[in-house]
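Please study the structure before reading each solution.

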Amino acid sequence: YETPEDFVINLFKQHGYVVDYTFFTTNEGRSKGMGRVDFRTPAEARAAVQHLNGAEVDGRIIIVEADDHREAAKGGGGAGKGPVPS
């Protein structure tokens with residue numbers, strides 16, 4: 001996956017305040033093609049899911065889902081799986 005990290009985060013920032021994010025990699029440092037994005041509020045996370053799930057980014061359809069377990073534990077909202085940098 002070649003999509004720059006800042007490009008992906010800017011997509012999510014269009015839908016709310018991004019508190020934190022993580023891109024998942026293999027032990028060799030290669031992208032797994034997924035990550036997580038934490039928003040300040042559950043409403044912001046829902047907006048990202050609604051607008052980005054199924055969107056095309058760099059020729060790939062991304063899947064964006066809410067992480068309800070994390071949302072309940074922290075009070076914020078988590079969302080995001082998609083193309084990430086290699």
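**Exercise 1.** Determine which residue forms a salt bridge with Asp38, and state whether Asp38 is buried or exposed.

*Solution.* A salt bridge is a side-chain nitrogen of Lys or Arg within 4 Å of a carboxyl oxygen of Asp or Glu. In this predicted model, local features need pLDDT of at least 70, side-chain atom pairs count only at pLDDT 80 or more, and totals for chains, interfaces and linings use all residues. Residues are numbered from 1 along each chain as its sequence is written, and side-chain values use heavy atoms, with hydrogens and water left out.

Step 1. The partner of Asp38 is Arg36, with the closest N and O atoms 2.7 Å apart.

Step 2. Buried means under 20% relative accessible area, exposed over 50%, and partly exposed in between (1.4 Å probe, protein chains only). Asp38, at 4%, is therefore buried.

**Exercise 2.** Identify the network of salt bridges that includes Arg36.

*Solution.* Step 1. Arg36 also meets Asp67 in a salt bridge, at 2.8 Å from N to O. Arg36 lies in strand β2 (residues 31-39) and Asp67 in the loop between β4 (60-61) and α3 (68-74), so this pair ties together parts that are 31 residues apart in sequence.

**Exercise 3.** Find the salt-bridge partner of Arg40 and describe its setting.

*Solution.* Step 1. Arg40 pairs with Glu44, the closest N and O atoms being 3.5 Å apart.

Step 1. Glu44 is found in helix α2 (residues 42-52); helices (H or I, at least four residues) and strands (E, at least two) are DSSP runs, numbered from the N terminus.

Step 2. Glu44 is buried, with a relative accessible area of 15%.
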